[in-house]
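The following exercises concern the architecture of a protein chain. Please examine the sequence and the structure before reading the solutions.

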Amino acid sequence: MPIRYEWKDASKRVICYIAEGDWNWKDYHHAARASAFTLAGVDHPVDCLIDLRASARRSLPAGLAAHVRSFGRKMQACLTGRAVVIGMPKEGIDSLMLGDENTLFTSDGLVRFVANDAELEQALQAWAGHPPA
């Protein structure tokens with residue numbers, strides 16, 4: 001599968017969607033829907049991580065502004081609506097109207113874009129144990 005999902009660690013506090021090779025938005029949405037079965041038995045808040053570092057795409061599929069707003073969408077009760085994205089090409093980030101700390105507010109949460117593992121861990125630690133506002 002061009003996009004797979006797995007838990008970040010044994011705590012099951014962060015579900016990761018990992019793009020590998022050539023992918024499109026249909027692949028992402030398929031993985032997000034399929035992960036509902038994994039999330040169904042979870043009774044604590046879960047944040048999302050979108051990892052694009054292994055993508056073979058030189059540019060993102062068309063429709064970035066619309067699709068990025070679905071990252072972290074609360075499709076299951078346990079999802080917080082928060083997502084952190086790593087590996088987004090600079091031109092993709094530049095095309096979005098981001099707020100402070102490279103964040104984009106969505107209808108039911110927020111998406112934060114990070115440049116490296118240190119920023120990724122900082123974002124996830126800041127969210128740990130804190131329900132979304």
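The exercises below treat the sheet, the helices and the nonpolar cores of this predicted model.

**Exercise 1.** Determine the strand order of the sheet and identify the edge strands.

*Solution.* Step one: the open sheet is formed by 6 strands, in the order β1-β2-β3-β4-β6-β5, with mixed pairing. Step three: β5 joins β6 in the antiparallel sense over 4 bridges, and the bridge partner of Thr-106 is Gly-109 in β6. Step four: from one strand to the next, the twist averages 20 degrees.

**Exercise 2.** Describe how helices α1 and α5 are placed against the strands.

*Solution.* Step one: α1 lies across β1, β2 and β3 and runs at about 30 degrees to β1. Step two: within α1, the buried residues are Trp-25, Tyr-28, Ala-31, Ala-32 and Ala-34; their cover includes β1, β2, α2 (36-39), β3 and α3 (64-67). Step three: at the start of α1, a side-chain oxygen of Asn-24 comes to within 3.0 Å of the backbone nitrogen of Lys-26. Step four: α5 (residues 117-127) lies across β2, β3, β4 and β6, at about 170 degrees to β4.

**Exercise 3.** Characterise the largest nonpolar core and the contacts of Phe-71.

*Solution.* Step one: the largest nonpolar core has 30 residues, with Tyr-17, Phe-71 and Phe-113 making the most contacts inside it. Step two: β1, β2, α1, β3, β4 and β6 each give two or more residues to this core. Step three: beyond four places in sequence, Phe-71 touches Trp-25, Tyr-28, Ile-50, Gly-81, Ala-83, Val-85 and Val-111.

Notes:
Residues numbered from 1 in each chain as written. Predicted model: local features only at pLDDT ≥ 70, side-chain atom pairs only at ≥ 80, totals over all residues. Heavy atoms only, no water. Core = buried A, V, L, I, M, F, W, Y, C linked by side-chain atoms within 4.5 Å. Buried < 20%, exposed > 50% of the residue type's maximum accessible area, 1.4 Å probe, protein only. Contact = heavy atoms within 4.5 Å. Polar contact = N/O pair within 3.5 Å; in protein donor to acceptor, adjacent residues only side chain to side chain. Pairing = 2+ DSSP bridges. Axes fitted to C-alpha atoms, helices over the stretch in contact; angles between N-to-C directions.
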